[in-house]
Amino acid sequence: MWFPPPQYSFMSVADLSDIPNLRRLALRSDLSSRIVSQIEYYFSDENLVRDDYLKSLMDNQGWVDVFFIAEFRRIKAMTDDIDLILRSMGSSTTVEVQVFRLRKRHGWERWILP
């Protein structure tokens, strides 16, 4: 029994004119990942054991103003975009965001200075 060959429809997978935009998105995603990694390190137990300056920035609920974090040398070298920092940190599982403040998600009470 003979069957006719299947009919193929050729559809563009991606519009090649979008490559610059896709590249920007990939770079932004990589930058966001680096921001999250760095800030998660700042709020890690490993760092907080010796980082008296970051602990001094914490209020009585463990929150630190994102504007202070944005001035840290390594973050400042990556970006000065506060909105990007806050959006990036929204994906963090160890640091939480509240408006313009950041805090260690669990165990922040341990690091509050008397």
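From the N terminus on, the elements of this protein run α-α-α-β-α-α-α-β-β. That makes 6 helices and 3 strands; helices here are DSSP runs of H or I with at least four residues, strands are runs of E with at least two, and both are numbered from the N terminus. The model is predicted, so local features need pLDDT of at least 70 and side-chain atom pairs count only at pLDDT 80 or more, while totals for chains, interfaces and linings use all residues. Residues are numbered from 1 along each chain as its sequence is written, and side-chain values use heavy atoms, with hydrogens and water left out.

Some overall values next. The protein has 114 residues, and 35% of them count as buried. Buried means under 20% relative accessible area, exposed means over 50%, and partly exposed is in between, with a 1.4 Å probe and protein chains only. The protein exposes about 8200 Å², of which carbon and sulfur atoms supply 57%; these areas come from the Shrake-Rupley method with a 1.4 Å probe, and for residues only the protein chains shown count as cover. Taking contacts between residues at least 6 apart in sequence, 60% join residues at least 24 apart, a contact being heavy atoms within 4.5 Å.

Two strands count as paired if DSSP finds at least two bridges between them. Strand 1, residues 64–65, is joined to strand 3, residues 101–104, by 2 bridges, and Val64 has Leu102 as its bridge partner. Strand 2, residues 95–98, pairs with strand 3 over 4 bridges; there, Glu96 is partnered by Arg103. The hairpin of strand 2 and strand 3 has 2 residues between the strands, and Val99 takes a positive phi near 55°.

Leu102 leads on to the core. Which residues touch the most other members of the largest nonpolar core? They are Ile39, Phe43, Leu54, Ile69, Ile85 and Leu102, out of 25 residues in that core. The elements that give two or more residues to this core are helix 1 (19–42), helix 3 (52–57), helix 4 (66–70), helix 5 (73–78) and helix 6 (82–89). By nonpolar core I mean a set of buried Ala, Val, Leu, Ile, Met, Phe, Trp, Tyr and Cys residues joined through side-chain atoms within 4.5 Å. Leaving aside residues up to four places away in sequence, Leu102 touches a list that includes Ile39, Phe43, Trp63, Ile69, Leu86 and Met89.

Helix 6 is mostly covered, with 6 of its 8 residues buried. These are Ile82, Leu84, Ile85, Leu86, Ser88 and Met89. Asp83 lies in this helix and is partly exposed at 42% relative accessibility. Asp81 caps the N-terminal end of helix 6, with a side-chain oxygen 3.0 Å from the backbone nitrogen of Asp83.

The side chains of Ser32 and Ser88 are joined by a polar contact of 3.0 Å. A polar contact is a pair of N or O atoms within 3.5 Å; within protein, one must be able to donate a hydrogen and the other to accept it, and residues adjacent in sequence count only if both atoms are side-chain atoms. Ser32 is buried, at 16% relative accessible area.

Last, the charged pairs. How many salt bridges does a search of the whole structure find? It finds 8, a salt bridge being a side-chain nitrogen of Lys or Arg within 4 Å of a carboxyl oxygen of Asp or Glu. In one of them, Asp30 and Arg34 have their closest N and O atoms 3.4 Å apart; they are 4 residues apart in helix 1, about one helical turn. Another joins Lys104 and Asp45 at 3.2 Å, N to O. That pair links distant parts of the chain, with Lys104 in strand 3 and Asp45 in helix 2 (residues 45–48), 59 residues apart. Lys104 is buried at 11%, whereas Asp45 is partly exposed at 35%. Lys55 and Asp52 meet in a salt bridge at 3.3 Å, N to O. Salt bridges that share partners join Asp45, Lys104 and Arg110 into one network.
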